[in-house]
Amino acid sequence: VSSCDGDGAFNLISLFVLNPRLMLPGTPERSVITTVCMRVHDNIRSTMILPNDAFQNGMLQKLPLVEDIGPGKTMDEYYDAFVENIQNSTGTGFRKAPYAQCKKLVNDCLLRMKTKKKVLVGKEERTVVRLFGLESEENFHQQQIQLPQPAPAPDVDTLWLVLNRPEHYFFHVSSDLHDLFGFECGEVVIDHEYFERSLDYILEDEYRQERLPAMLNHAANWHMLEGSEEEVASWLLWERQPMVLHPVGHPDTVDAMRNSIILQLMINKFFNGQTGELLMHTFPAMNLYGSGITNFLFYTRHLSITGRLPPAFIVKASVAEGVDGASISDSGNTSAENVEGGVSTNLERTMRKLTIRKTSCAVCGATRSPTGTRLLVCSRCESVAYCCAEHQKIHWKSGGHKQQCTLDLLG
């Protein structure tokens, strides 16, 4: 699982191996690497399936951002190389996560999509998603992340260094502020006008308001993977608490975000601080993650020498005060585990709701019936729609839906 960028996007890269007990003796291993890119507060952005043949046959060199490591390697070696390459190319950090935690990420995303009436696009997305309805027999992969209790960070400087760790290289609001101002990250020195306009623009939109606490929740979960950095996770959850006491759009929610030290630091990070008096730390950066390492070393050294934030920074907030009524269980996401029927059942049920082709008839492409009414939906799988009963019969008998409908129900 990767950390997320300033748009709330993160990657989930997985290796699935077909159980050898299902194959004839001597049959080569069949395995796939899948990627799911999703937003912490919204939908699945993209998916990809890469079978082991793609690695053995050198197909990876045709993919953007991916370097081919040659044939003859094990699938574990290809997987490690693939993850490292994506990390270097995207500037986000990856940590190994239990399969149960990955299932939760996917299920939560599907439930958000269902709430927002969004659909899964194409067979590949549905295939990848279904892989997260399986069960694992390994103890590690049955574990769930337990978040720590929120606790305040020692000071603003500590939070600033957390936001500059290599995995958070793109943990800022660059796309928002680029849309507002028209210039790129680090091109202009911040002033009070830029600072206030940035806050106004980010907080005038409920979609961006929803994104910020979801990003902090994802970051807290991410820091609990592998190394289990409870202290860092607790600081991020503490800063998140005031943002989730009231609904998105509520004046108190907007006020809490405006006075969030995290958001203010993210805005300053876009303008890059203009440290001025300190020479750049020399480091052989490699791709974007390497640039993140350079950045972290630079600001760590600057803080140790000067004892303060970069000179051009404008910060009007401090570490958040404690709040009553907040809970670490209030993640801002709907958890699939809390819905009756179990995770895998919910996944299939939710998928059927997400894959309805409401926009066109599966046979002729019509968006309405001949009489102008809504399309009919297959009552058995709820995954395709028709303009009339005749086209539904055609698709069932000769269009392949009889077989596909059964597969949809079986998952």
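This is a predicted model: local features need pLDDT of at least 70, side-chain atom pairs count only at pLDDT 80 or more; totals for chains, interfaces and linings use all residues.
**Exercise 1. Is Gln-209 buried or exposed, and what is its relative accessible area?**

Residues are numbered from 1 along each chain as its sequence is written, and side-chain values use heavy atoms, with hydrogens and water left out.

*Solution.* 
- Step 1: Find Gln-209 in helix H8. Helices are DSSP runs of H or I with at least four residues, strands are runs of E with at least two, and both are numbered from the N terminus.
- Step 2: Compare its area with the cut-offs: buried is under 20% relative accessible area, exposed is over 50%, and partly exposed lies in between (1.4 Å probe, protein chains only). With a relative accessible area of 3%, Gln-209 is buried.
- Step 3: Look for polar contacts, meaning pairs of N or O atoms within 3.5 Å; within protein, one must be able to donate a hydrogen and the other to accept it, and residues adjacent in sequence count only if both atoms are side-chain atoms. A polar side-chain atom of Gln-209 lies 2.7 Å from the backbone oxygen of Leu-203, and the backbone nitrogen of Gly-249 lies 2.9 Å from a polar atom of the Gln-209 side chain.
- Step 4: List further contacts (heavy atoms within 4.5 Å). Leaving aside neighbours within four places in sequence, Gln-209 touches several residues, including Val-248, Thr-253 and Met-257.

**Exercise 2. Describe the open sheet formed by 3 strands.**

*Solution.* 
- Step 1: Read the order, which is S1-S2-S3, with antiparallel pairing. Two strands pair if DSSP finds at least two bridges between them.
- Step 2: Find the edges. Strand S1 (9-17) and strand S3 (44-51) each have a single partner strand, so one side of each is left without a neighbour in the sheet.
- Step 3: Angles run from 0 to 180 degrees between N-to-C directions, and axes are lines fitted to C-alpha atoms, for helices over the stretch in contact.
- Step 4: Count bridges. S1 and S2 pair over 9 bridges, with Ala-9 opposite Arg-39 in S2. S2 (residues 31-39) and S3 pair over 7 bridges, and Met-38 stands opposite Ile-44 in S3.
- Step 5: Follow the chain from S2 to S3, where a hairpin makes the link through 4 residues.
- Step 6: Check the cover. In S2, 7 of its 9 residues are buried, and helix H4 (residues 122-130) lies across S2 and S3, running at about 80 degrees to S3.

**Exercise 3. Work out how helix H11 (residues 261-271) is placed.**

*Solution.* 
- Step 1: Look at the start of H11, where a side-chain oxygen of Ser-260 reaches to within 3.2 Å of the backbone nitrogen of Ile-262.
- Step 2: Count buried residues: 11 of its 11 residues are buried. The helices they pack against include H5 (156-163), H7 (192-203) and H10 (251-258).
- Step 3: Turn to helix H6 (residues 174-181), whose axis comes within 10 Å of that of H11 and crosses at roughly 65 degrees.
- Step 4: Name the residues that meet: Ser-174, Leu-177, His-178 and Phe-181 in H6, with Ile-267, Phe-270 and Phe-271 in H11.
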